[in-house]
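I opened my notebook to look up charged pairs and the nonpolar core. Here is what I was looking at.

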Amino acid sequence: MRFADGGVITGVGLDKLHGAVALCQETGAFVQAYTRDRDVVASVRVCRDLERGRVLILPPCGICQEWLALWAPGRGGAAREDDPTTWEPPGRSPR
């Protein structure tokens, strides 16, 4: 997650035993942004594909889409449809 002042913060997705109590990667970063009173200007979620040695861009879950809509409208990046390893800024998708 990138802030208006150029700072960057990361979140992590921890392995969980019970999915109902799990937190997404973005949740920790959003909470930190809120507690630091920082403006979010961009957010993207990535994960390592260890089998193929690449990094994938993942879409935010429904809850994180709500966080983005409230905290950073129009600023969440997504994977390109033709290449899940390439980030596509909002509003520029070839769809």
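Before anything else, I noted the cut-offs: a residue counts as exposed with over 50% relative accessible area, as buried with under 20%, and as partly exposed in between. I also reminded myself that this is a predicted model.

**Entry 1: salt bridges.** How many salt bridges does the structure hold? I found 2 salt bridges.

I started with D5 and R38, whose side chains meet in a salt bridge at 2.9 Å, N to O. D5 sits in the loop between β1 (2-3) and α1 (25-35), and R38 sits in the loop between α1 and β2 (40-42), so this pair ties together parts that are 33 residues apart in sequence. Next I checked the surface values. D5 has a relative accessible area of 54%, so I wrote it down as exposed. R38 comes out at 24%, which makes it partly exposed.

Then I went to D49, which forms a salt bridge with R54. The closest N and O atoms there are 2.9 Å apart. Is D49 buried or exposed? D49 has 14% relative accessibility, and that is under 20%, so it counts as buried.

**Entry 2: the core.** I looked up the largest nonpolar core and counted 9 residues: M1, F3, I9, A29, F30, A33, V40, L68 and A72. Which element gives the largest share of this core? That is α1, with 3 residues.

Leaving aside neighbours within four places in sequence, A29 is in contact with M1, I9, T10 and G11.

Terms used
Residues numbered from 1 in each chain as written. Predicted model: local features only at pLDDT ≥ 70, side-chain atom pairs only at ≥ 80, totals over all residues. Heavy atoms only, no water. Salt bridge = Lys/Arg side-chain N within 4 Å of Asp/Glu carboxyl O. Helix = DSSP H or I, 4+ residues; strand = E, 2+ residues; numbered from the N terminus. Buried < 20%, exposed > 50% of the residue type's maximum accessible area, 1.4 Å probe, protein only. Core = buried A, V, L, I, M, F, W, Y, C linked by side-chain atoms within 4.5 Å. Contact = heavy atoms within 4.5 Å.
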